[in-house]
Amino acid sequence: MSHIAFIGTGAMGSRMAQRLLAAGHELSVWNRTRSRIEGLLALGAHEAGSPRAAASQADIAITMVADVNALEAVTRGQDGLLAGLRPGSLLLEMSTSGPRAVLDLSTHLPPGVALLDAPVLGSLQEVERGELHIFVGGAGDDFAKASPVLSALGTPLHVGPLGSGAKAKLLANASLIGVLGLLGEVLALSGGLGLPQDTAFTVLSRTPLAAQAERRRASVETSDYPPRFALSLARKDAELVTAAGEQAGLELNLLTAAADWLRKAEAAGLGQRDYAAVLQEILGQSRKGL
Ligand SMILES: NC(=O)c1ccc[n+]([C@@H]2O[C@H](COP(=O)([O-])OP(=O)(O)OC[C@H]3O[C@@H](n4cnc5c(N)ncnc54)[C@H](OP(=O)(O)O)[C@@H]3O)[C@@H](O)[C@H]2O)c1
């Protein structure tokens with residue numbers, strides 16, 4: 001069993017930490033908002049006064065925070081995680097922060113500390129069930145060392161050298177974000193053409209969008225989007241995708257449009273709703289036109 005420093009106990013991180021405790025690991029936890037670690041303390045986690053303090057006893061450290069700014073805030077500086085990591089320890093960056101942030105982090109590692117990027121596909125239910133897909137980038141022996149810990153959370157897949165996990169995660173989220181935008185526009189078109197939504201869903205059930213249409217139908221019909229993955233985080237991911245495309249010199253027109261919809265939905269006040277609420281924003285235009 002490992003001693004794990006766990007940094008970032010938001011919606012995903014708190015559930016991941018809970019599973020690691022249940023698997024018998026010892027955890028030192030830190031979160032910017034202290035109240036969000038209380039449930040974990042009751043389950044036997046130790047409270048750390050800073051990310052640095054959490055790291056000081058750990059063989060493995062995990063970061064699961066919102067974005068690249070949060071990652072910098074918890075890793076850098078006098079009280080940051082990097083200042084506390086011991087030689088021989090392993091840092092697992094599991095947030096969706098993108099390949100650039102991972103490579104940047106690697107340049108600040110203390111001597112003898114190894115890094116894997118290990119972002120996850122799956123949301124709250126998948127963590128609770130230990131069914132995340134975890135895309136891991138980094139050295140093979142570090143992957144072997146991390147696997148027993150990661151296996152408590154889901155299925156780790158070693159996809160290549162450092163940064164490859166973050167790249168793989170961009171592919172996964174590009175497909176999630178893109179398909180949602182397409183579904184929204186197809187439904188908006190149906191409304192604009194005056195076809196009943198029921199008919200649209202019947203048609204979609206015969207197309208490549210069938211599974212996504214079925215999955216989102218209840219939310220579209222009730223305008224209830226149960227919170228799992230905040231729309232503002234999906235907007236952040238869409239911007240990581242388009243920035244990576246630009247850097248690679250690619251024209252990603254569909255994904256750029258999907259990012260625009262997420263930005264519009266966030267500007268309309270939907271940032272803290274589930275990311276599927278982007279459908280509400282896209283459908284708003286056809287409803288206005290009816
Ligand atoms: N939710 C999902 O379905 C899902 C699925 C796969 C991947 N992800 C990714 O997993 C990561 C976490 O997502 P989540 O849903 O758990 O988000 P969340 O509930 O919003 O939690 C975000 C975490 O980041 C911390 N944080 C934010 N800004 C910070 C800063 N400046 N300094 C220090 N800590 C900061 C928050 O601390 P406070 O508590 O103090 O705000 C919280 O612990 C994100 O990268 C997300 O894209 C999410």
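The largest cavity here has a volume of about 40 Å³. Keep in mind that this is a predicted model. Searching the whole structure turns up 1 cavity of 30 Å³ or more. Its lining is made up of Val68, Leu71, Glu72, Thr75, Arg76, Ala101, Asp104 and Leu105. Two elements give two or more residues to it, helix H4 (68–75) and helix H6 (99–106), and H4 gives the most, with 4 residues. Sorted by class, that lining holds 4 nonpolar, 1 polar and 3 charged residues.

Now for the open spaces. The largest pocket has a volume of about 1200 Å³. It's lined by 46 residues, and Ala11, Met12, Val65, Ala66 and Leu233 are the closest to its centre. Elements giving two or more residues to the lining include helix H1 (11–22), H4 and helix H12 (231–247), with H12 providing the largest share, 5 residues. Domain 1 (3–161) and domain 2 (167–289) each contribute at least three residues to this lining.

The second largest pocket, about 200 Å³ in volume, also takes at least three lining residues from each of domain 1 and domain 2. Lys167, Leu170, Leu171, Ala244 and Gly245 sit nearest its centre, out of 13 lining residues.

Finally, take a look at helix H10 (residues 197–204), where Ala200, Phe201 and Leu204 are buried. These three share one side of H10, because they cover an arc of only 95 degrees around the axis. The buried residues of H10 pack against helix H9 (164–192) and helix H11 (210–222).

Key. Residues numbered from 1 in each chain as written. Predicted model: local features only at pLDDT ≥ 70, side-chain atom pairs only at ≥ 80, totals over all residues. Heavy atoms only, no water. Buried < 20%, exposed > 50% of the residue type's maximum accessible area, 1.4 Å probe, protein only. Arc of directions from axis to C-beta. Contact = heavy atoms within 4.5 Å. 1 Å grid on protein atoms, 1.4 Å probe; cavity = no way out; pocket = protein on both sides within 12 Å on 5 of 7 lines; lining within 4 Å. Points joined across faces, edges and corners; volume = space filled by probe spheres on them. Nonpolar A, V, L, I, M, F, W, Y, C, P; charged D, E, K, R; others polar. Domains from an automatic or database assignment.
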